Amino acid sequence: MSLLHAQNISHAFDYLLFENVNFTLSPKESMAILGVSGSGKSTLLHICSTLLHPNQGEVILCDHNIYNDNDDARLKLRRYDVGIIFQSHYLFKGFFANENVELASFISDQAIDSSILERLGISDFMHYRVGDLSGGQQQRVSIARVLAKKPKIIFADEPTGNLDDKTAQEVMNVLFEYIEKENAALLLVTHNHQLAKQCTYTRHLHVDGLKEES
Ligand SMILES: Nc1ncnc2c1ncn2[C@@H]1O[C@H](COP(=O)(O)OP(=O)(O)OP(=O)(O)O)[C@@H](O)[C@H]1O
Ligand SMILES: [Mg+2]
């Protein structure tokens with residue numbers, strides 16, 4: 001059974017970003033997408049994660065053909081099964097860090113795994129207001145918030161962009177261990193080749209599709 005199957009995806013805004021994008025992700029698998037800035041990596045991630053209807057192609061996510069489903073079915077999938085770590089982390093700024101994480105666990109009715117907060121190195125900051133945390137700390141809170149809902153598939157757009165190499169590796173280890181333990185999958189957009197190589201698949205996004213690293 002695959003968790004995500006992308007078939008012949010193509011998308012253009014003012015000009016063609018990419019076409020002929022095909023891949024499959026099964027439980028415990030991860031795929032890194034590399035590519036120059038502006039090539040459409042975030043756009044592809046949005047397409048695969050229910051947020052953007054592609055010009056062409058099909059996305060089968062957890063056995064749902066998501067852009068054939070009605071809005072309700074897509075919303076349900078997004079709420080319970082999909083975890084999205086955005087390129088700019090959208091936390092509720094006036095709230096405390098723990099409130100952000102608790103809200104996600106409440107909405108999806110899942111208990112928070114406190115060892116994950118520990119591993120992300122943010123246990124001591126959970127009583128801070130989000131606005132008082134550093135960029136890297138906020139990024140890790142947003143990752144904790146996504147994991148708190150126990151998604152079946154994680155979409156992560158440069159999740160370690162604000163972090164030093166050591167912290168970045170630790171955060172990636174948390175994500176890799178999560179998908180192993182929960183039989184989940186990870187689609188990772190990154191500019192970091194070192195981290196990309198640790199995924200099951202490493203691909204470059206080009207206008208004519210995803211290519212293996214040469
Ligand atoms: N909603 C939109 N409307 C019009 N153009 C858009 C929209 N979203 C993205 N674009 C354009 O599509 C192109 C690809 O954007 P995207 O954010 O997917 O690139 P990226 O590969 O993620 O880049 P980066 O590495 O800088 O994050 C850019 O030229 C961007 O301006
Ligand atoms: Mg991007």
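The model is predicted, so local features need pLDDT of at least 70 and side-chain atom pairs count only at pLDDT 80 or more, while totals for chains, interfaces and linings use all residues. Residues are numbered from 1 along each chain as its sequence is written, and chains are lettered from A and ligands numbered from 1 in the order in which they are written.

I begin with the overall fold. The protein has 7 helices and 10 strands, taken as DSSP runs (H or I, at least four residues, for helices; E, at least two, for strands) and numbered from the N terminus. Its radius of gyration is 17 Å, close to the 17 Å from the globule rule for 214 residues, so the protein is as compact as a globular protein of that length. That radius is taken over C-alpha atoms, and the rule is 2.2 Å times the number of residues to the power 0.38.

Next, the ligand. The residues around ligand 1 include F13, L17, Q87 and K41, each with its C-beta atom, placed from the backbone, within 6 Å of the ligand. Helix 1 (residues 41-48) gives the most to this shell, with 3 residues.

Finally, the interior. Buried residues (20 or more other C-beta atoms within 10 Å of their own, placed from the backbone) make up 39% of the 214.

Definitions and conventions
Buried ≥ 20, exposed ≤ 12 C-beta atoms within 10 Å, placed from the backbone.
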